[in-house]
Amino acid sequence: MRWRTAGLLLAIMVIVALPCVVTLNNSRDAQRAATWVTHSNAVKSLTYEIAYLMRDSESASYRLLTGDGGELVRKRAMLASEQVPGLVRQLHEMTLDNPEQQAAIGALESGANGRITLMNQALARLQQGDSEGARQSLRDAGDLFLINGKITDIVHNEDRLLEGRQADAGRKAFNGRVVLSITALAQLLLLTIIVTMSERQIGQRQLAETREGRAVQRSQQIFQAVREPIALFDKDLNSLLVNNAFRELYGMDPSRNAQPLADIGDGAWNDDVLLQRLNDVLLRDRELWDHDVIQRTVDGVDRHVVINARRLQQQDTDAPTLLLTVNDVTTRALAEQKVSELNRQLEGKVSQISDVNRELEAFSYSVSHDLRAPLRHISGFARKLENQLGDRVDDKVSHYIEVIASSAQRMALLIDDLLVFSRLGRGALRLQAIDMQSMVDEARELAESGVQDRRIVWNIAPLPMVIGDENMLRTVWQNLLGNAVKYTARCEVTQIEVSVQQGRRGDYEFTVADNGAGFDMQYADKLFGVFQRLHRASEFPGNGIGLANVRRIVARHGGRVWAEAEPGQGARFHFSLPATDVAGAHTESRA
Amino acid sequence: MNRKDLRTILLVEDSMADAEMALDALGEAHLANPVVHVEDGVECLDYLYARGAWSSRERGDPAVVLLDIKMPRMNGLDVLTQMRSDERLRRIPVVILSSSREESDLARSWDIGANAYVIKPVDVDQFFEAVRTLGQFWAVLNQGPEKD
C-alpha cells in the first residue's frame, strides 16, 4: 500500500512536472528564436543601409559630375564616407559570434572602403575641376570595388543562419509538443485510473455498507421473529432491546424505551431473588441457567417460565449488558404433570395387576396343595376300605373302588393341567433366540416315541431362528405335533407337514398340517378352549388342555393361532409370531 | 439292637388323613424304628429341642424328619430354616413330603437345605411305595455322622 502510494505520487510528480519544464523550455526557445529573427533583421537592414548609402553617395557624386547639384547633393555624396565605416563597425560587433559573417563583413568593409576612397578621390578631383578624372575615379570605384555581391552574401548568410536557427527552434518546439502531448495523454490516463479506482473503492464500500446494513436488518428480523422472548438490558436493568415475543408476553408499550425490568409486566419481574441473581450476572459475570419461576404475565395467566441470562460485553461501550431469554414451559409443565398423573394411575393399575397376580399365585398354590390332598385321601381310604373289607370284596366292590381311585387320579391330572395353564399366563417370558428347526425335531421324536407300528411321513421345511420363551414354544410344538400324530392314528400312511411363511412385516407363520381325522369347522371356536374337546375320549384320549396352552403361549408372544379342517380330511394348524429384530436370527436353510 | 436302630422317624403332618396313610405305609415297611407324629412346625421344634410337651422324651435326634410344607402356625420351610441354622439340628436329615408341585416350593426347599423332596402321589399305590421307600432308606440304609 505504501509502495503503491509512493509510486503513484512519483508518477504524478513526473507527469505534472515534465510538461511544466517542457513548457518553460519552449517559451525560452521561442523567445530566443524571436530575438534571433530581430537580430537577423537588424543585421540585414544595417547591410541594406550600407548598400543604400553607398549607392546614394555614388549617384549623388554622378549628379555632381553632371553639374547638376547643389550643396544638398554634395552632402549626400559625402554621406557614405561619413557613415559607412561606423555602420560597418556596428555590423562587425553584431556578428561577433559568426566567423563566416565576419569574413563577409570584412570583405564588404574593404570593398566599401575602396569605393569610398575612390569616391572621395573623385569628389576631390571634381573640386579641382578635373571632371574627367573624377568620372574615371567613380568608374574605377564601380569597377574595382564591387560590393553588391558582398551585400548579397551577408544577407544570404544571415538568411541561412536565421533559417537554421528557426528550423532548430521548430524542431525543439515540435519535440516539446510531442512531450506535452504524451504527458497530456499520461495525465489523462492517470486521472482516468484515479477516477476509476476511487469509483470502484466507493462502490465496494457502498456494497459492504449495504451488505452490513442487510445483515443487521436480517438479524433484527430474526431477533424480532423468534418466538422465544429475548431482551437486552443495561447495567441498571433498563431495557435496551426487546423483541416482539418479549413485548407481547409482558404487554410492554412499544413506544417506551428504557423501562426498568422491575416495572415490566405489571411487576412480573419484581422478584427480589431473581433480580439479585440478575445483578450477579451483570456484576460478577455469573450465568443464570434454567431458572424456574412462575410469573403472572399480562394476560393474567400464571406461567411457568425458565429464565436464562448471561452478560454480554458490547463493543461500543464498557458497561456490561444483560441478555435475557424467557422460555414459557407452562404447557410442558402441564404435560409433565399430566404424564406423572398418568404414571401414578398406571402404577396403581400395575400394583392392582400384581395384586391380582399375587392372588392368582396364592390361589393356584392353594389348589396345588389343598385340592390334591382330599383326592389322595379318597384314593388312599378307598384302598383302606378294600383292605378292611377283606374277603367281603367281590367284583362289584372291587370295580367301585377302582372307579373311585381312578376318578381321583384323573381329577389330580386335571388339577395339574389347570395349574400349568394358569402358570403359562403368569410370570415373565424368558426371551432368547430359539432354533425352531431343532425344537421341531425334538418334538417330533417325542411324538413318535409314544406310537408303534405306524407309517409316518414327515415333511419338515427349513425353519428359522425366532425370539421367544424356549420352554413355552417347546410346549407349542409338542402339543401340535403330538396332536398331529394322535389324530392320524387311523391313517394307513400318516403325512405330517411342517412349513413356515414369512409375512411382509417380517412376521412368521408356522403351519402343521396332517391327513388325520380333522374336525368340523362348526366347532372350531371351541378348539382352543380349556378342557374343550371335539372328539370323544374313547376315540382319541386327552383332556383338552393342550391347544388352550398353545393359544395362551402364542398370544403371550404377540401372535395368534388358528386352524382349518374338514372331518376326515386332516387339519391345518397355524400360528404366527411377530417379527423380532435380532441380527443373525436366521439359520441356513436345511433341505 | 444298637441305639442307631432305635432312632425315631419324625413325621410332621397336620392332615390326620395323610398322617394315617403315612403311618400305615411306614407300618407296611416293617421298620423297627419308632415313628413319632407331630401335627405342626411348632410341635416339631418342641420335639427336636425336647421342650414343652416333649421335654421328658428320650434323648436322641430322629433318624429322619418327614416334613410337610403347608401347616398351621409354623410351616415346614420355616422349620427347616430354623434347623439348618442351629448347630445341634443342622445334620438331621429332612425329607420334604408335600402335595405341592410348585417350582418355587421345590427351589426354596433345596436352597435352605432339604435332603430330599417327595411329592405325595395321589395314586395310593405310589403313595405307599414312596413312604415305605423313604422310611427304609433314611432309617436303615442312610449312615449319618456318629454323635458323642
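1. How many residues does the contact take from chain B, and how many from chain A? In this predicted model, the contact draws 16 residues from chain A and 14 residues from chain B.

2. On the side of chain B that touches chain A, at least two residues each are supplied by helix 1 (16-28) and helix 5 (124-141) of chain B. Helix 1 of chain B gives the largest share of that side, namely three residues. By residue class, the side of chain B that touches chain A is made up of six charged, five nonpolar and three polar residues.

3. Chain A has 591 residues, of which 24% are buried, and its secondary structure consists of twelve helices and twelve strands. Among the contacts in chain A with a separation of 6 or more, 64% join residues 24 or more positions apart.

4. Within chain A, helix 10 (residues 436-449) and helix 11 (residues 470-486) have axes that come within 9 Å and cross at roughly 45°. Because of that angle, helix 10 of chain A is oblique to helix 11 of chain A, and the crossing of the two is right-handed.

5. The residues that meet there include Met439(A), Val440(A) and Ala443(A) from helix 10 of chain A, and Leu473(A), Trp477(A) and Leu481(A) from helix 11 of chain A. Taken over both helices, the residues of this contact comprise nine nonpolar, three charged and two polar; among the residues taking part are also Arg444(A) and Glu448(A) in helix 10 of chain A, and Arg474(A) in helix 11 of chain A.

Definitions and conventions:
Residues numbered from 1 in each chain as written. Chains lettered and ligands numbered in written order. Predicted model: local features only at pLDDT ≥ 70, side-chain atom pairs only at ≥ 80, totals over all residues. Helix = DSSP H or I, 4+ residues; strand = E, 2+ residues; numbered from the N terminus. Buried ≥ 20, exposed ≤ 12 C-beta atoms within 10 Å, placed from the backbone. Contact = placed C-beta atoms within 7 Å. Nonpolar A, V, L, I, M, F, W, Y, C, P; charged D, E, K, R; others polar. Axes fitted to C-alpha atoms, helices over the stretch in contact; angles between N-to-C directions. Parallel < 35°, antiparallel > 145°, perpendicular 65-115°, else oblique. Left-handed = near helix turned anticlockwise from the far one by under 90°.
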